[in-house]
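Here is a short briefing on selected backbone and packing features. Keep the sequence and the 3D view open while you read.

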Amino acid sequence: MAVLENLEPQKVFRFFEEISQIPRGTFDTKRVSDYCVSFAKERDLEVIQDEANNVIIRKPGTDGYESCEPVILQGHLDMVCEKTADSSHDFKTDGLELYVKDGYLRAKDTTLGSDNGIAVAMAMAVLDSKDIPHPPIEALFTVDEEDGMGGAHAVDLSVLKGRKLINLDSEEEGILITGCAGGIQYETILPVTKEKKSGSLITVRIHGLLGGHSGAEIHKQRGNSNKMAGRFLYRAAKETALNLVSINGGTKDNVITLDTTVEILAAEGQESAVLEAAKEMEKIWIDEFMGEEPGLKVDASSAAVSDCEVFDCASTERVISYLMLCPNGLQEFSRKLEGVVETSLNLGILESREDSVRLVFQIRSSVETRKHQLKEQLEMCAKVTGGEGRINAEYPAWQYNPDSELRQIMVDTYKELYNEEPVVSAIHAGLECGLFLGKRPDLDCVSIGPNLKDVHSVNEALDLESTKRSWEYLTAVLKNCK
């Protein structure tokens, strides 16, 4: 414990620091899953590890709670792996470099993994405790939530004896989440034909944007550098003939893309028109964002090249047309819950390949028909530009349960502690509860969590005082589940 040993609650931060030293990006969760198994065995707790690396740990109820109905504490083991452009961090081998500043926990030059490491740490602190009154606990740690919710798809919930499930994957204290959007990961492939040309190779990089979680922050209307790249290309192509050489931005569909690089070949002597278009677009975007993207930069440089492999004219036009036509960002607000986003999508990945360009979107909506309307819009965008689209993954929305016993316990507990009503709401980000309810309709789910900022980005931060209060609230809820 080099960094967090003096923070309260000590056990929560102890376990958070331990898992932060284990690489645990999505699809790389075997090591952290094995850590959870070892944790359980060291404490003589019953543990199940399935083939997908999901882990279930059981702990008996404390004195007076032995015969109570079990409570399920749930979080996911994987984290989004993003880093600054100049970071040498290797998410496959390196632990996170944690530090505390201004009341927040952060990681140097990388995402923090508080989404959802803080859930795992809190559940472990309950499992390790000797002095917290609680019913029997079933801690469910899923994997690969951040890309398709693979762990939730794979887990066998029939082995769970409990019905009340507290999901610890929310990001705002004082709000009880009782519903969430469903989602689709949608992929488009645009075919590309290449040829050889000579001229001026121009590299344009759009970067310095805030980025963030494509569910939790989509209503903030932050810049998406992939969509911005399409707008720049459209403007530059109006000024002079050009061919795309490559276009790449983003690595996660659920992260608002903050850095995209475009390579263009222009005829020799015409590079000034493209460079000027880059300058003009930077000025336009700075004016449009009105100070809300303070780090925005558009860098451009050029060099003469010969025999450069480029997209032919039709392929270049295909990519530019698709980027201009495809929807992105906030689409609809809820008509029932004021201020809650109903429908959105995010172009998170834009990738040049040998004979194609790949684009991956995360579609979200709490209304199933709206979700599929956006999917159909992307199908049409692909069709009219000569591409192909497909669904890679889909998960259902979590519908509000008006008869939730757990919600009432948690509302009453909040009022006992703070003498005020908590907010009961839904979230636009996807939570695994929708998938769980599809397998076990009898589950009674509520999601809570401490204040997190800028998750899925290198600015991710965990509010320390909020974490302390959220821990006190969770233990009080468990006490009241007798």
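α3 passes α11 in a right-handed crossing. The contact is made by I118, M122, A125 and V126 on the α3 side, and by T467, S470, W471, L474 and L478 on the α11 side. This is a predicted model.

**Packing of α3 and α11**
- Helix α11 spans residues 464-479, and helix α3 spans residues 114-128.
- The two helices, α3 and α11, pack at an angle of about 45°. Their axes are 11 Å apart.
- Angles of 35 to 65 degrees fall between roughly parallel and roughly perpendicular, so α3 and α11 are oblique to each other.

**Packing of α5 and α7**
- α5 and α7 pack at an angle of about 125°. Their axes lie 8 Å apart.
- That angle makes α5 oblique to α7.
- The crossing of α5 and α7 is left-handed.
- On the α5 side, the contact residues are N226, K227, G230, R231, L233, Y234 and A237. They meet I320, L323 and M324 in α7.

**The faces of α7**
- Helix α7 runs over residues 313-325 and has 13 residues.
- From its first C-alpha to its last, α7 reaches 18 Å. That is close to the 18 Å expected at 1.5 Å a residue.
- Which residues of α7 are buried? They are S315, T316, V319, I320, Y322 and L323.
- Seen down the axis of α7, these buried residues fall within an arc of 160°, so they line one face of the helix.
- The face of α7 turned away from the buried side carries E317 and L325, which are exposed.
- I320 and L323 are buried residues of α7, and both also meet residues of α5.

**Cis peptide bonds**
- Most peptide bonds are trans. Two bonds to check follow.
- The bond from E8 to P9 is cis, with omega near 0°. P9 lies in the segment before α1 (10-20).
- The bond from D115 to N116 is also cis, with omega near 15°. N116 lies within helix α3.

**Positive phi values**
- Most residues other than glycine have a negative phi. Two residues to check follow.
- Q221 is not a glycine, and its phi is near 55°. Q221 sits in the loop between β10 (194-207) and α5 (225-239).
- Is Q221 buried or exposed? Q221 is exposed, with a relative accessible area of 57%.
- D454 has a positive phi of about 50°, although it is not a glycine. D454 is found in the loop between β20 (452-453) and β21 (461-463).
- D454 counts as buried because its relative accessible area is 16%, and the cut-off for buried is under 20%.

**Loop residue F27**
- Where does F27 lie? F27 is in the loop between α1 and α2 (30-42).
- F27 counts as exposed because its relative accessible area is 55%, and the cut-off for exposed is over 50%.
- Leaving out residues up to four places away in sequence, F27 touches D144 and D147.
- F27 and P450 are 423 residues apart along the chain. Their C-alpha atoms are separated by 26 Å.

Methods
Residues numbered from 1 in each chain as written. Predicted model: local features only at pLDDT ≥ 70, side-chain atom pairs only at ≥ 80, totals over all residues. Heavy atoms only, no water. Helix = DSSP H or I, 4+ residues; strand = E, 2+ residues; numbered from the N terminus. Buried < 20%, exposed > 50% of the residue type's maximum accessible area, 1.4 Å probe, protein only. Expected span 1.5 Å × (residues − 1). Arc of directions from axis to C-beta. Axes fitted to C-alpha atoms, helices over the stretch in contact; angles between N-to-C directions. Parallel < 35°, antiparallel > 145°, perpendicular 65-115°, else oblique. Left-handed = near helix turned anticlockwise from the far one by under 90°. Contact = heavy atoms within 4.5 Å.
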